[in-house]
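Please walk through the structure shown here, beginning with the contacts of one chain and ending with individual residues.

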Amino acid sequence: MVNTQASAGALESFPALLARNAQLYSGKPANREKEFGIWQTWSWAEAAVEIEKLALGLINLGIQPGDHIAIIGRNRPYLYWSMVAAQAAGAVPVPLYQDANAEEMAYVLDHCGARFVIAGDQEQVDKVIEVQETLHQFEHMIYLDPRGMRKYDHTRLHEYSHVQEQGYAARDELTPELNRRRDALNYDSTCVMLYTSGTTGKPKGVVLSNRNMIETAKNSSEFDHLRAGDEVLAYLPMAWVGDFIFSIGQAYWTGFCVNCPESPETMMADLREIGPSYYFAPPRIFETQLTQTMIRMEDAGKTKKWLFDHFMAHARKVGPAILDGKSVGMMDRLKYAMGEFLVYGPLKNMLGFGQVRVGYTAGEAIGPEIFDFYRALGINLKQLYGQTEASVFITQQPDGEVRSDTVGVPSPGVEVRIADSGEVFYRSPGTFVEYYKNPESTRDTKDAEGWVATGDAGFFEPSTGHLRIIDRAKDVGQMADGSLFAPKYVENKLKFFPNILEAVVFGAGKDRCTAFINIDLTAVGNWAERNNIAYASYQELAGHPQVLETIQKHVEEVNRSVAQDEMLSGCQIHRFLVLHKELDADDGELTRTRKVRRKIIAEKFDDLVGALYDGSPTIYTETEVTYEDGRKGKIRATLELRDAAVAPVAHQRVAAE
Amino acid sequence: MMDADAGYVTEDGRQIGGVLMEMKNITLRFGGVVAIKDISFDIREGEIRAIIGPNGAGKSSMLNIISGFYTPSEGAVWYKGAPRPAMRPYEVARMGVARTFQNIALFEGMTVLDNVMTGRLTHMNAGIASQALWWGKARDEEVANREKVEEIIDFLEIQAIRKTPVGRLPYGLKKRVELARALAAEPSILLLDEPMAGMNVEEKEDMSRFILDVNDEFGTTIALIEHDMGVVMDLSDRVVVMDYGKKIGDGTPDEVRNNQDVIDAYLGVQH
């Protein structure tokens, strides 16, 4: 019953790629998911059958070509199939962030006018039901996990498997229609619509065509020699463009297997069991894993600790060079091989990186220590730079040319240029079609020749040709004396300390810079435990004098490092405070991808910003917080503001003139 | 064999069946102390039945009678339409009665999985030889039982701690593991002895949801003892109130809440 009209020439849609894979890799695994403690596997042929049934079921429910289908839930094979089934039925899949609250969800559902929603479980169903009154176009909801759903009114609610069964029962009548719609798909058909998290304003729907996705998947797969037989773990939000490119784009292009964890809590254990050969994680995850490793090594026996320290020092010295294929002495290589046997190998296994051939990190800057740690172990961790509008890839690092402070060379097929303002522009086959129902923004972002403004400021290093990103173009500003202000540059330096989770630097238009700091509860909590410091809450720990002392030392160290940079030496932090609450996406302070929303934070905590500049030693503040269930509460705190020592600037501006 | 009475429909629209278990004039004495005095009530199929009362009211003794651990001095327990003879607890367990304990009774050194697996004991009957050789019936049984256990682990969302020794778990999770073990026996009646004791609000919310889900999804009849009045009133369909070994109230949460004897027992009354 699987579509058999796959002609090798016309691989212009994902249903067409699926048909090819079902023949070419029929018995090879396409998806795995751990359920009931066992990895359940679907081959490409089996996945094709599942998708066919669902596509028939969707047509049976009355889906029309061009309809939007919202898909909400954690990473599960069924939901990935939903995307391809939607495409086969002529509709456009719109994956949403599963941790979005009902209000955010309502905005997106209304904006795309989704007639159908496919939800993972009761939690997501409830959120949609909560807002469905306001959605005039919404008609049917399909849910995956029937648990707790028995008593719901099922007039517009359908169980996933039932939709498949009904579609399959009506296959004789519906298959010709399905084939007609599937054959109508080409490179210009919309592949998927993804909402950007938006550091400012409402999210925008980025329309990406089959050309965007398939060309990008093809180019990037070839760049890193991805192949059938590779294994990836799909655990990042399905609404994020990266997950679409990895778990559908590249997977369908190359025919590798996408594995879904059992639950978000078991992700680390599942990672270890799967041992992916191709892996992507934001810097935060690498950071957490490193912190945990270090904490556990602190508890290890003396011999083990010594072995670890000794061989890690050696790995840091020669590991990256060996990975880059540079010449390394015989003795060093021998010692590294011994370290691989005694330390690196077991450690990589523990972390689930034993099989990683290609690893990527992106989204935020990664600390050089963190980056080097993994590279020293022999993990081919690289950086890439991209955005939703580019179908991810703008630049990436080729094997052997990897550094922590650049983002690499333009990806295959991508042209990059730097405007006079310093802003980075690109043009590529992956360049998005448009923002949905927003021609104005489309015009602002993409010019007639197809050049897209990234909104980031950067420059190409003359010596290597690698791109370096300084900051968001609109965040780069000037201080009162006219010197350059690049907050993220300083924030990243701060965040490289394990004790600091988040930092927000202020100073545009002012005479000096100040900062908000968020401590990392894992790292600082562990330190407190070791030093017998009792604390009852995040707030209490954040206000502890010794913690403030430590943070002050970190800030001063950053100041010394910033002072070295000729261009940015004005960005040293003169005063700082440690916030009484963790910045949180639920309170609108971070985006769902955990990027700092500078303007909102500055407005929300304007009393604190004021205090940083008026010299008061302490300040009392009240902050509204939103709990996970949507209730609101208030936290009150008196915060201590501290002055940090500023390092003398290496090269005086005056002297240079 | 079932009571002719067809049961009733709850506020939220659940159909409650006939009488599953009936206490008929139960009295329990320890020497000269009368722990329970002439109490009668029934538990119907599919309902959540709470037993409440101040400290020392005899709630736990009542639960021990239901579970077969104590034999009543007078009166009888009727189960599925027939009087239940005096039995050993394991025989009662085989009849489909499972329970959790007030102060967790798990095997601390064993993993969560193994602990839940012990709940399947009543469903295993391979011989020693087969067990020792891990061949034939023992293996088939283990696979079938493991499948059931995994379903419950999935249901109670404890996948992440499947292989963790119970001793390393926080209190709230241990309680959940104990519930998992009781469920593993696929009981027709589940007894919960203070399932929320010592929990924080979030853990209580989780536990309440699981209790409702168990009742809803598996249709398990549940009898519970609980001190948290909010929980009892929200969860249960009918409530028995005990004080000094006597029954002083029986009915829906609303009826019980407005019963003067119950108010007196809880708030105290001037004599």
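Among the contacts in chain B that link residues at least 6 apart in sequence, 68% join residues at least 24 apart, a contact being two residues whose C-beta atoms, placed from the backbone, lie within 7 Å. This is a predicted model, in which local features need pLDDT of at least 70 and side-chain atom pairs count only at pLDDT 80 or more, whereas totals for chains, interfaces and linings use all residues. Residues are numbered from 1 along each chain as its sequence is written, and chains are lettered from A and ligands numbered from 1 in the order in which they are written.

Chain B contains ten helices and twelve strands, where helices (H or I, at least four residues) and strands (E, at least two) are DSSP runs numbered from the N terminus. Of its 271 residues, 37% are buried, a residue being buried with 20 or more other C-beta atoms within 10 Å of its own, exposed with 12 or fewer and partly exposed in between, with C-beta atoms placed from the backbone.

In chain A, helix α5 (residues 122-131) has A:Gln124, A:Val125, A:Lys127 and A:Val128 buried. These residues cover an arc of only 160 degrees around the axis, which puts them on the same side of α5(A); the arc is that of the directions from the helix axis to the C-beta atoms. Their cover includes β3 (68-72), α4 (102-112), β5 (116-119) and β6 (140-143) of chain A.

A:Asn532, in the loop between α17 (521-530) and α18 (538-542) of chain A, has a positive phi of about 55 degrees although it is not a glycine, and A:Asn532 is exposed, with 6 other C-beta atoms within 10 Å.
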